[in-house]
Amino acid sequence: MPTYLLQQIICNIKIRRAPTRHDNVDFEPIITRTSEIMPLSVVTGDKGYDSEENHVLVRELLHGFSIIPTRYERVPIWRTRGRYRKQMKRGYCNILYFQRNKDETIIISVIKRLFGEYITSRLIRMQNRVIFQMHSIQHA
(Lines give C-alpha, C1' and ligand atoms only; values in the text may rest on other atoms or scores of the structure.)
Protein backbone atom coordinates (compact mmCIF):
# COMPACT_ATOMS: atom_id res chain seq x y z
CA MET A 1 0.00 0.00 0.00
CA PRO A 2 1.47 3.37 -0.96
CA THR A 3 2.42 5.89 1.69
CA TYR A 4 1.17 9.42 1.38
CA LEU A 5 2.96 12.61 2.24
CA LEU A 6 1.54 13.57 5.61
CA GLN A 7 3.56 16.73 6.16
CA GLN A 8 4.47 19.41 3.69
CA ILE A 9 8.04 20.29 4.58
CA ILE A 10 9.98 22.57 2.25
CA CYS A 11 13.56 21.27 2.29
CA ASN A 12 14.88 23.15 -0.70
CA ILE A 13 13.66 25.64 -3.27
CA LYS A 14 15.07 27.36 -6.34
CA ILE A 15 13.59 30.70 -7.35
CA ARG A 16 14.68 32.18 -10.66
CA ARG A 17 14.65 35.72 -11.81
CA ALA A 18 13.24 34.94 -15.26
CA PRO A 19 12.39 31.86 -17.30
CA THR A 20 15.63 32.05 -19.26
CA ARG A 21 16.46 28.33 -19.22
CA HIS A 22 14.76 25.01 -18.56
CA ASP A 23 14.33 23.58 -15.06
CA ASN A 24 16.12 20.31 -15.84
CA VAL A 25 19.55 21.90 -15.25
CA ASP A 26 18.57 22.50 -11.61
CA PHE A 27 17.36 18.93 -10.96
CA GLU A 28 20.69 17.39 -9.89
CA PRO A 29 21.82 20.12 -7.44
CA ILE A 30 18.37 20.47 -5.85
CA ILE A 31 17.76 16.72 -5.43
CA THR A 32 21.29 16.13 -4.12
CA ARG A 33 21.03 18.97 -1.61
CA THR A 34 17.57 17.80 -0.53
CA SER A 35 18.84 14.24 0.03
CA GLU A 36 21.49 15.64 2.37
CA ILE A 37 18.75 17.27 4.46
CA MET A 38 16.30 14.36 4.45
CA PRO A 39 16.57 10.86 2.93
CA LEU A 40 14.52 10.44 -0.24
CA SER A 41 12.13 7.58 -0.81
CA VAL A 42 10.06 8.72 -3.82
CA VAL A 43 10.95 11.57 -6.18
CA THR A 44 8.27 12.73 -8.60
CA GLY A 45 8.74 15.15 -11.45
CA ASP A 46 6.79 16.30 -14.46
CA LYS A 47 7.74 15.57 -18.07
CA GLY A 48 10.18 18.47 -18.12
CA TYR A 49 12.57 16.42 -15.96
CA ASP A 50 12.45 13.36 -18.23
CA SER A 51 16.00 12.09 -18.72
CA GLU A 52 17.73 8.82 -17.96
CA GLU A 53 20.40 10.72 -16.01
CA ASN A 54 17.79 12.01 -13.56
CA HIS A 55 16.45 8.49 -12.98
CA VAL A 56 19.96 7.10 -12.49
CA LEU A 57 20.78 9.87 -9.99
CA VAL A 58 17.72 9.18 -7.86
CA ARG A 59 17.66 5.40 -8.09
CA GLU A 60 21.30 4.37 -8.15
CA LEU A 61 23.14 7.16 -6.36
CA LEU A 62 20.54 8.39 -3.86
CA HIS A 63 18.74 5.03 -3.45
CA GLY A 64 15.25 6.42 -3.97
CA PHE A 65 12.48 5.68 -6.45
CA SER A 66 11.81 8.11 -9.29
CA ILE A 67 8.52 8.69 -11.08
CA ILE A 68 9.06 10.98 -14.05
CA PRO A 69 6.78 10.34 -17.06
CA THR A 70 8.36 10.30 -20.49
CA ARG A 71 8.06 13.44 -22.55
CA TYR A 72 6.92 11.86 -25.80
CA GLU A 73 3.97 9.53 -25.28
CA ARG A 74 3.63 8.43 -28.90
CA VAL A 75 7.19 7.07 -29.18
CA PRO A 76 7.06 3.27 -28.78
CA ILE A 77 8.89 1.58 -25.89
CA TRP A 78 11.44 -0.07 -28.17
CA ARG A 79 12.56 3.35 -29.45
CA THR A 80 12.79 4.88 -25.97
CA ARG A 81 16.34 5.06 -24.64
CA GLY A 82 17.23 4.09 -21.11
CA ARG A 83 16.17 1.35 -18.74
CA TYR A 84 14.26 3.57 -16.31
CA ARG A 85 12.58 5.60 -19.04
CA LYS A 86 11.29 2.36 -20.55
CA GLN A 87 9.90 1.44 -17.14
CA MET A 88 8.04 4.75 -17.07
CA LYS A 89 6.61 3.99 -20.53
CA ARG A 90 5.29 0.66 -19.26
CA GLY A 91 3.51 2.39 -16.38
CA TYR A 92 3.90 3.84 -12.90
CA CYS A 93 1.81 4.27 -9.76
CA ASN A 94 -0.55 7.18 -10.38
CA ILE A 95 -1.31 7.53 -6.67
CA LEU A 96 2.36 8.23 -5.93
CA TYR A 97 2.76 10.46 -8.98
CA PHE A 98 -0.18 12.66 -8.05
CA GLN A 99 1.46 13.43 -4.70
CA ARG A 100 3.42 15.87 -6.88
CA ASN A 101 0.36 18.14 -6.75
CA LYS A 102 1.32 18.98 -3.17
CA ASP A 103 4.52 20.57 -4.50
CA GLU A 104 2.49 22.74 -6.84
CA THR A 105 0.17 23.67 -3.97
CA ILE A 106 3.09 24.76 -1.82
CA ILE A 107 4.59 26.83 -4.62
CA ILE A 108 1.37 28.47 -5.69
CA SER A 109 -0.41 29.04 -2.41
CA VAL A 110 2.42 29.55 0.06
CA ILE A 111 5.43 31.00 -1.75
CA LYS A 112 3.43 33.31 -4.02
CA ARG A 113 1.32 34.45 -1.08
CA LEU A 114 4.48 35.34 0.83
CA PHE A 115 6.44 37.00 -1.96
CA GLY A 116 3.83 37.80 -4.59
CA GLU A 117 3.84 36.68 -8.20
CA TYR A 118 6.32 39.24 -9.43
CA ILE A 119 8.57 42.06 -8.31
CA THR A 120 8.45 45.39 -10.08
CA SER A 121 12.10 46.34 -9.42
CA ARG A 122 14.41 46.11 -12.41
CA LEU A 123 17.79 46.09 -10.68
CA ILE A 124 18.88 42.80 -9.12
CA ARG A 125 20.07 44.62 -6.00
CA MET A 126 16.62 46.17 -5.53
CA GLN A 127 14.88 42.83 -6.20
CA ASN A 128 16.95 41.21 -3.47
CA ARG A 129 16.15 44.06 -1.10
CA VAL A 130 12.40 43.74 -1.73
CA ILE A 131 12.47 39.97 -1.16
CA PHE A 132 14.53 40.39 2.01
CA GLN A 133 12.12 43.02 3.34
CA MET A 134 9.10 40.82 2.57
CA HIS A 135 10.78 37.86 4.25
CA SER A 136 11.71 39.84 7.38
CA ILE A 137 8.18 41.30 7.64
CA GLN A 138 6.69 37.77 7.51
CA HIS A 139 8.93 36.60 10.38
CA ALA A 140 8.54 39.71 12.54
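**How the features are named**

Guide: Among the parts that cover the buried residues of α1 are β1 and α2. Please bear in mind that this is a predicted model.

Visitor: Which residues of α1 are buried?

Guide: F27, I31 and T34 are the buried residues in α1. They span an arc of only 65° around the axis, which places them on the same side of α1. On the face turned away from that buried side, α1 carries the exposed residues E36 and I37.

Visitor: Why does T34 count as buried?

Guide: Buried means under 20% relative accessible area. T34 has a relative accessible area of 13%, so T34 is buried. Leaving aside residues up to four places away in sequence, T34 touches C11, N12 and L40.

Visitor: What makes F27 and Y49 an aromatic pair, and why is the pair called tilted?

Guide: Rings pair if their centres lie within 6.5 Å, and those of F27 and Y49 are 5.5 Å apart, centre to centre. Planes under 30 degrees apart count as stacked and over 60 as edge-to-face. The angle here is 40°, so the pair of F27 and Y49 is tilted. F27 lies in helix α1 and Y49 in the loop between β1 and α2, so the pair ties together parts that are 22 residues apart in sequence. F27 is buried, with a relative accessible area of 6%.

Visitor: How many aromatic pairs are found in the whole structure?

Guide: The search finds three aromatic pairs. Ring pairs also link Y92, Y97 and F98 into a cluster.

Visitor: Why is the contact between E73 and K47 called a salt bridge?

Guide: The definition asks for a side-chain nitrogen of Lys or Arg within 4 Å of a carboxyl oxygen of Asp or Glu. Between E73 and K47 the distance from N to O is 2.3 Å, so the contact is a salt bridge. E73 lies in the loop between β2 and α3, and K47 in the loop between β1 and α2, so the pair ties together parts that are 26 residues apart in sequence.

Visitor: What makes D50 and R85 a salt bridge?

Guide: Their closest N and O atoms are 2.8 Å apart, and the limit is 4 Å, so D50 and R85 form a salt bridge. D50 lies in the loop between β1 and α2 and R85 in helix α3, so the pair ties together parts that are 35 residues apart in sequence. D50 counts as buried at 5% relative accessibility, and R85 counts as buried at 16%. By this rule the count comes to two salt bridges.

Visitor: How do you know that the buried residues of α3 lie on the same side?

Guide: Y84, R85, M88 and K89 are buried in α3. They cover an arc of only 150° around the axis, which puts them on the same side of α3. These buried residues pack against α2 and β2, while the face turned away from the buried side carries the exposed residues R83 and R90.

Visitor: What is found just after α3?

Guide: G91 follows there, with a positive phi of about 140°.

Definitions and conventions:
Residues are numbered from 1 along each chain as its sequence is written. This is a predicted model: local features need pLDDT of at least 70, side-chain atom pairs count only at pLDDT 80 or more; totals for chains, interfaces and linings use all residues. Side-chain values use heavy atoms; hydrogens and water are left out. Helices (H or I, at least four residues) and strands (E, at least two) are DSSP runs, numbered from the N terminus. Buried means under 20% relative accessible area, exposed over 50%, partly exposed in between (1.4 Å probe, protein chains only). Rings of Phe, Tyr and Trp (its six-membered ring) pair if their centres lie within 6.5 Å; planes under 30 degrees apart count as stacked, over 60 as edge-to-face and the rest as tilted. Contact means heavy atoms within 4.5 Å. The arc is that of the directions from the helix axis to the C-beta atoms.
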